[in-house]
Amino acid sequence: MEAFPKGLEPVRDIARLVRRQRPSATPMLCNELIYRPDSDVLMFIHIPKTGGTSLAAGLEDMVGAERYLPLRQHLIGKVREKRRHAAGYAASVAWRRLKARLGGRHWLLPSGFDAGRLDDMALVSGHVGLADMPSTRRRPVVVTLLRDPVERFVSSFHFFRSVALAESPPPMHKSPRLLTWSIDDYVAWLADRGEVDAFNVQCLFLGDSPSFEPARRAIDETVFMAATLDRIDDFRTALGSALGIGPIPARREKVGAARMSAATPRPETLETIRRLSSGDVRLVEHVRTAFAAHWDATTPGAVLKRD
């Protein structure tokens, strides 16, 4: 069963119709749909550690802070080292979903936010998967940014470690391996454990599965535009053009101090990460190819410049 919020079905159906009529069409909905700011809502699927903070800030500048809704985060694929903690988190999520449903309120709306204002929002964003995005009366225009899976995993490891170490006291009882082990030992442990989700977070966010195919369908049938972090400047330009607003402002992000001072993972560790990230590897390559085709088709001289 495909995981799409209710409001996304019309977008998906239009995409399928266009694909049947034009089977050679580039898999980017920005080639088929016209963004209408008065009746559309931008939905930015902010996958953790993909460089999305800068893009979200630029989009917020575009629509204005009063029409931007940052959702509560739901970190899909985050490792919970002890089984009872994973089970407890799953039960907590299920309870929050049920409580929100009974109260007629989306479970990831920030506390204090007036749910009656949801239809007025021009931008909704957060560490939230596509399937969990709230529905509004506006047509959703979904954008997202991806990153090389190995780079994303290494960055995520150091980020979550630094966040845990900043707690007082650090949660040694919950995450002893994250806090004390090298990334080499940590990856080897995840591999022995048969962990899949932690390495395919980008597929999880877009397809609600660690596998490539559901995420690929989401990219081709639901996402307005997607790109990879190595093309971030081109993405800002292309997305701004497709939205009719000009290049989206850039806000550079700093590399975390923990990442800069950490030892480089061993080559075999990097290879293990890539092997276990098979879904994300295929997804990133799919998006990279699709965005390159869109860029070459819409940017004068792009092919000549690249060649």
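Is Lys49 buried, partly exposed or exposed? Lys49 counts as partly exposed, because its relative accessibility is 25%, and the classes here are buried under 20% relative accessible area, exposed over 50% and partly exposed in between, with a 1.4 Å probe and protein chains only.

Before I go on, the ground rules. This is a predicted model, in which local features need pLDDT of at least 70 and side-chain atom pairs count only at pLDDT 80 or more, while totals for chains, interfaces and linings use all residues. Residues are numbered from 1 along each chain as its sequence is written, and side-chain values use heavy atoms, with hydrogens and water left out.

Back to the backbone. Lys49 sits in the loop between strand S1 (40-45) and helix H2 (52-63); helices (H or I, at least four residues) and strands (E, at least two) are DSSP runs, numbered from the N terminus. Phi of Lys49 is near 60 degrees, a positive value in a residue other than glycine. Asp208 also has a phi near 60 degrees, and its place is the loop between helix H7 (201-207) and helix H8 (212-221). Most residues other than glycine have a negative phi, and most peptide bonds are trans. Ser168 and Pro169 are joined by a cis peptide bond, with omega about -5 degrees. Pro169 lies in the loop between H4 and helix H5 (176-180).

Next, helix H4. The 18 residues of H4, 149-166, should span 26 Å at 1.5 Å a residue, and the end C-alpha atoms are 26 Å apart, which agrees. The expected span is 1.5 Å times one less than the number of residues. Buried residues in H4 include Pro149, Val150, Phe153, Phe157 and Arg161.

Now the aromatic rings. The whole structure holds 7 aromatic pairs. Rings of Phe, Tyr and Trp (its six-membered ring) pair if their centres lie within 6.5 Å; planes under 30 degrees apart count as stacked, over 60 as edge-to-face and the rest as tilted. Phe157 and Tyr186 form a tilted pair, because their ring centres are 5.2 Å apart and their planes are at 50 degrees. That pair links distant parts of the chain, with Phe157 in helix H4 and Tyr186 in helix H6 (residues 183-193), 29 residues apart. Phe157 is buried at 4% relative accessibility, and Tyr186 is buried at 6%. Phe159 and Phe160 have ring centres 5.5 Å apart and planes at 65 degrees, so this pair is edge-to-face. Phe159 is partly exposed at 36%, whereas Phe160 counts as buried at 18%. Ring pairs also join Phe157, Trp181, Tyr186 and Trp189 into a cluster.

Last item: what about the charge on Arg138? Arg138 is in the loop between strand S3 (123-126) and strand S4 (139-146). Arg138 is buried yet has no salt bridge, and Asp120, the nearest side chain of opposite charge, is 5.6 Å away. A salt bridge here is a side-chain nitrogen of Lys or Arg within 4 Å of a carboxyl oxygen of Asp or Glu. On the charge count, Lys and Arg are positive and Asp and Glu negative, with His and the chain ends not counted. The side chain of Arg138 does reach the backbone oxygen of Asp119 at 2.8 Å, and one of its polar atoms lies 3.2 Å from the backbone oxygen of Pro37.

Key. Polar contact = N/O pair within 3.5 Å; in protein donor to acceptor, adjacent residues only side chain to side chain.
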